[in-house]
Structures are given as C-alpha cells and as structure tokens.
Amino acid sequence: MGRKVAIIGAGVSGLASIKCCLEEGLEPTCFEKNEAIGGLWQFTDIPEKGRTSVYRSVVSNTSKEMTCFSDFPFPESYPNYLHHSLVLEYLKDYAKHFHLLDCIQFKNHRTERDLFWVIPHKNMEFTI
C-alpha cells in the first residue's frame, strides 16, 4: 500500500474519498464518530448533540439518476425520488460492493480541542 490518508466521516463524501484513495493505491483510514455509515442519511428518532440527520419523512429532491455514483447506479426497482432509507441502503450497498468498510474506524470522534481533530497513530498524534 501507499501513503496513509485520514478521512473524517463515513457519509457520502467520506465513502467516495475512501474509494478514490484505494483506486490510487493509498491507504485510507476513515474516522467515523457514529456506529454506522451514512452521515446525515442515518436517521435517528432521538437527536444527538452535534449530529445532523434527516427527518423521518425526507424524500430526496434529486432523481436517482442524478444522485447515484457514476460507477454504481441505483437499482432499477427504486423509485425516481428516494426516501432517505433507500439512500442509506444504497450507501451501505456501495460500501460493501467496493470493500470500503474495512477502512472505517467506527465510534471514533474528535476530542473537544477547539474545532480540530486529533488523530492517534501509533505513538504519535496528528492534529487536523
């Protein structure tokens, strides 16, 4: 493997970043503060401090053709405009298909040092 890369969050952008890093021969580690992927598409009934989430009835306002990753279309059976649960299911399928889950450290969040992430690595600590 190549150089190590830190990625913050396993939402849509984080998953795409992991995939791109792997394609370029890099070694990504994604730090996700929650216990699952999906970012704001991960709905929760109980709001958590500092966490943004969709609400129960959210349906995307962009078509599935415009929302999907170019190399991983939504299933034909999905409706054109998607309930948030289908977007989350799609992201889970994407992560499994491209073997991204092995690169994610779940329940790993930043410390309360201002607005910085402190990333532990062996005997060293990096601040982003």
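**Exercise 1. Find where Lys 19 and Glu 23 lie, and work out how their side chains meet.**

Step 1: Lys 19 and Glu 23 both belong to helix H1, residues 12–23. (Helices are DSSP runs of H or I with at least four residues, strands are runs of E with at least two, and both are numbered from the N terminus.) The two residues are four apart, about one turn of the helix.

A quick note on what you're looking at: this is a predicted model, where local features need pLDDT of at least 70 and side-chain atom pairs count only at pLDDT 80 or more, while totals for chains, interfaces and linings use all residues. Residues are numbered from 1 along each chain as its sequence is written, and side-chain values use heavy atoms, with hydrogens and water left out.

Step 2: Look at the charged ends. Side chains of opposite charge can pair when their charged atoms come close. Here Lys 19 and Glu 23 form a salt bridge, with 2.4 Å from N to O. (That term needs a side-chain nitrogen of Lys or Arg within 4 Å of a carboxyl oxygen of Asp or Glu.)

Step 3: Check the surroundings. Lys 19 is buried at 8% relative accessibility, whereas Glu 23 is exposed at 51%. (Buried is under 20% relative accessible area, exposed is over 50%, and partly exposed is in between, using a 1.4 Å probe and protein chains only.)

Step 4: Widen the view. Asp 71 joins Lys 19 and Glu 23 in a network of salt bridges.

**Exercise 2. Compare two further salt bridges, Glu 27 with Lys 4 and Asp 45 with Arg 56.**

Step 1: Start with the count, which comes to five salt bridges.

Step 2: Take Glu 27 and Lys 4, whose closest N and O atoms are 3.9 Å apart. Glu 27 sits in strand E2 (residues 27–31) and Lys 4 in strand E1 (residues 4–8), so this pair ties together parts that are 23 residues apart in sequence. Glu 27 is partly exposed at 30%, and Lys 4 is exposed at 52%.

Step 3: Now take Asp 45 and Arg 56, with 2.3 Å between the closest N and O atoms. Both Asp 45 and Arg 56 lie in the loop between E2 and H2, 11 residues apart. Asp 45 is exposed at 53%, and Arg 56 also counts as exposed, at 53%.

**Exercise 3. Work out the strand order of the sheet and its edge strands.**

Step 1: Recall that strands of a sheet pair through backbone hydrogen bonds, either parallel or antiparallel. (Two strands pair if DSSP finds at least two bridges between them.)

Step 2: Read off the order. Three strands make an open sheet, E1-E2-E3, with parallel pairing. E1 and E3 are the edge strands, each pairing on one side only.

Step 3: Zoom in on E1 and E2, which pair over five bridges in the parallel sense. For instance, Ile 8 has Phe 31 in E2 as its bridge partner.

**Exercise 4. Follow Phe 98 through its ring partners.**

Step 1: Count the aromatic pairs: there are eight. (Rings of Phe, Tyr and Trp, the last by its six-membered ring, pair if their centres lie within 6.5 Å; planes under 30 degrees apart are stacked, over 60 edge-to-face, and the rest tilted.)

Step 2: Pick out Phe 72 and Phe 98, an edge-to-face pair with centres 5.8 Å apart and 65° between the planes. Phe 72 is in the loop between helix H2 (64–67) and helix H3 (84–97), and Phe 98 is in the loop between H3 and strand E3 (104–105), so the pair ties together parts 26 residues apart in sequence.

Step 3: Compare burial. Phe 72 is buried at 14%, while Phe 98 is partly exposed at 22%.

Step 4: Phe 72 and Phe 98 belong to one aromatic cluster, whose members include Phe 69, Tyr 78 and Tyr 94. And here's Lys 19 again: its charged end sits over the ring of Phe 98, 4.7 Å from the ring centre. (The rule asks for NZ of Lys or CZ of Arg within 6 Å of the ring centre and within 35 degrees of the ring normal.)

**Exercise 5. Decide whether His 84 is buried or exposed, and list some of its contacts.**

Step 1: Locate His 84, which lies in helix H3.

Step 2: With a relative accessible area of 7%, His 84 is buried.

Step 3: Leaving aside neighbours within four places in sequence, His 84 is in contact with several residues, among them Trp 41, Phe 43 and Arg 56. (Contact means heavy atoms within 4.5 Å.)
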